[in-house]
Amino acid sequence: MRFLYEERSEHIEQPFSGRVFNVEVHAVTLPDGRMSRREIVRHNGGACVLPLDKDLNVTLVRQYRKAFDREMLEIPAGKLEPGEDPLTCARRELAEETGLTARQFLLLTVFYPSPGYCSEVLSVYLATGLTK
């Protein structure tokens, strides 16, 4: 595929490798020939679940997030294990975080939350037919 704008990586370093993500630093050549630097977070991706009960209530989870130093209300979500299918991840996270299972999962969307610096892809599912 040919793109209107491309940056060619000339050199790649990996200064950090962690449990959740890795960081790469790319020396890139821009289309006009100038050099620049790109810092990229490599992430396996994740799945999010919108659990909707028969009364149209959504189940949220309270999670402490160190990046914000506070608890936040979120839909159940988690990162993909290496080689894991997003639907499998969604089912697992719903059960782990809420104790719920669902009869139906419908893929609502797939999106890129921070494409300027991160390779994370999130799959969002609607879960219905909930049981404890």
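**Entry 1: overall size**

I began with the radius of gyration, taken over C-alpha atoms: the protein has 19 Å, while a compact globule of 132 residues would have one near 14 Å. The globule rule I used is 2.2 Å times the number of residues to the power 0.38. Along the principal axes, I find that the C-alpha atoms fill a box of roughly 60 × 35 × 25 Å.

A note to myself on the source: this is a predicted model, where local features need pLDDT of at least 70, side-chain atom pairs count only at pLDDT 80 or more, and totals for chains, interfaces and linings use all residues. Residues are numbered from 1 along each chain as its sequence is written, and side-chain values use heavy atoms, with hydrogens and water left out.

**Entry 2: fold elements**

Reading from the N terminus, I noted the order β-β-β-β-β-β-β-α-β-β.

Contact here means heavy atoms within 4.5 Å. Of the contacts between residues at least 6 apart in sequence, 41% join residues at least 24 apart.

**Entry 3: burial and core**

I see 29% of the 132 residues buried, with buried meaning under 20% relative accessible area, exposed over 50% and partly exposed in between (1.4 Å probe, protein chains only).

Next I asked which residues make up the largest nonpolar core. My list has eleven: Ala 47, Val 49, Leu 80, Cys 89, Ala 90, Leu 94, Leu 100, Ala 102, Phe 105, Tyr 125 and Ala 127. Such a core is a set of buried Ala, Val, Leu, Ile, Met, Phe, Trp, Tyr and Cys residues joined through side-chain atoms within 4.5 Å. At least two residues of this core come from each of β4, α1 (86–98), β8 (101–111) and β9 (122–131), and α1 gives the largest share, three residues.

I then picked out Ala 102 from the core. Leaving aside neighbours within four places in sequence, Ala 102 is in contact with Arg 91, Leu 94, Ala 127, Thr 128, Gly 129 and Leu 130.

Most residues other than glycine have a negative phi, so I checked for exceptions. Leu 56 has a positive phi of about 70 degrees and sits in the loop between β4 (46–51) and β5 (61–65). Leu 56 is also exposed, with a relative accessible area of 64%. Asp 69, in the loop between β5 and β6 (70–74), has a positive phi near 50 degrees.

Note on methods: Helices (H or I, at least four residues) and strands (E, at least two) are DSSP runs, numbered from the N terminus.
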